[in-house]
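Open the model in your viewer and keep the selection tool ready. This tour moves from one stop to the next.

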Amino acid sequence: MAGHSKWANIKHKKAAADAKRGKIFTRLIKEITVSARLGGPDASANPRLRLAIDKARDQNMPKDTIDNAIKRGAGQLDGVNYEEIRYEGYGINGAAVIVDCMTDNRTRTAADVRHAFSKYGGNLGTDGSVAFLFKHCGQIVFAPGTSEDKVMEAAIDAGAEDVITHDDGSVEVVTGPYDFVAVKDALAKGGLKAEVAEVVMKPQNEVEMKGDDAARMQKLLDALESLDDVQDVYTSAVFGDA
């Protein structure tokens with residue numbers, strides 16, 4: 001059980017993502033391209049690509065756009081060559097922050113990320129400075145009111161690591177990063193619709209933010225999220241009700 005409202009934080013993150021919908025296609029195209037380059041263009045043999053394609057379809061991305069991104073990644077079409085870079089740092093009250101980027105200009109991206117941290121009260125750290133505070137895993141979250149028993153039965157049978165019921169009634173399934181797709185598919189086949197289903201960096205311990213600290217931390221996260229080269233931002237900060 002968790003003391004803060006997992007569901008409120010999930011909804012907040014989703015609302016923030018929806019507000020930036022114009023950037024979602026760009027980020028998904030980058031992810032599809034890099035996934036195809038690293039793991040090959042066959043989604044059935046490349047779980048990361050399969051997940052990226054599923055996300056793109058959820059956003060109603062045209063099939064041609066998806067196919068062209070795969071072809072660019074596989075070298076069948078000309079395109080920008082993106083590299084993945086991870087930045088680590090600290091926000092308000094020492095909350096840990098991980099910023100995953102895809103860029104064709106490492107110098108520009110580093111400057112942008114450093115500027116956002118310094119402008120909004122954070123500190124950019126060195127490689128490995130906060131990554132150990134997070135777990136790389138699959139996270140599947142169901143809305144309050146979802147049957148915990150149904151989720152647990154389907155998830156454990158499919159190989160999930162853990163099922164957590166939070167104080168607010170939301171149910172969270174945690175999987176290994178490479179078991180994520182199988183568990184997600186098994187839950188969907190069981191008629192269980194997840195509100196959030198992603199492979200993430202999940203904080204091992206959380207720092208609750210309230211009042212002015214919460215507002216300052218949110219400005220830092222928003223600034224990082226708004227950068228063109230940023231794909232995902234993970235933090236140990238959670239936001240309280242006041």
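How do the axes of α6 and α7 cross, and within what distance do they come? This is a predicted model. Select both helices, α6 at residues 148-158 and α7 at 180-189. Their axes come within 9 Å and cross at roughly 145 degrees. The crossing is right-handed.

Now show the side chains between them. From α6, pick Val151, Ala154, Ala155 and Ala158; they meet Ala182, Val183, Ala186 and Leu187 of α7. This contact has 8 nonpolar residues, with no polar and no charged ones.

Look down the helix axis: the buried residues fall within an arc of 95 degrees, so they line one face of α6. An α-helix has 3.6 residues a turn, so residues three or four places apart point the same way.

Turn to the other side of α6. Asp149, Glu153 and Asp157 are exposed there.

What do the buried residues of α6 pack against? Select β4 (134-142), β5 (162-165) and β6 (171-175), and keep α7 in view; the buried residues pack against these four elements. Then step just past the end of α6 to Gly159, which has a positive phi of about 105 degrees.

Most residues other than glycine have a negative phi. Two asparagines are worth a click here.

Go to the loop between α3 (47-58) and α4 (63-73) and select Asn60. Its phi is positive, near 60 degrees. Asn60 is exposed, with a relative accessible area of 65%.

Next, find Asn93 in the loop between β1 (83-90) and β2 (96-103). Asn93 has a positive phi of about 55 degrees. Is Asn93 buried or exposed? At 52% relative accessibility, Asn93 is exposed.

**Into the cores**

The largest nonpolar core has 23 residues. Select Val99, Met209, Met217 and Leu224, which touch the most other members. β1, β2, α5 (106-119), α8 (211-225), β9 (230-235) and β10 (237-239) each supply at least two residues of this core. α8 gives the most, with 6 residues.

Zoom in on Leu224. Leaving aside residues up to four places away in sequence, Leu224 touches Val97, Val99, Val113, Ala116, Phe117, Val230 and Val233.

The last stop is a second, separate core of 15 residues, including Ile140, Ala155, Ala160 and Val171.

Methods. Residues numbered from 1 in each chain as written. Predicted model: local features only at pLDDT ≥ 70, side-chain atom pairs only at ≥ 80, totals over all residues. Heavy atoms only, no water. Buried < 20%, exposed > 50% of the residue type's maximum accessible area, 1.4 Å probe, protein only. Arc of directions from axis to C-beta. Contact = heavy atoms within 4.5 Å. Axes fitted to C-alpha atoms, helices over the stretch in contact; angles between N-to-C directions. Left-handed = near helix turned anticlockwise from the far one by under 90°. Nonpolar A, V, L, I, M, F, W, Y, C, P; charged D, E, K, R; others polar. Core = buried A, V, L, I, M, F, W, Y, C linked by side-chain atoms within 4.5 Å.
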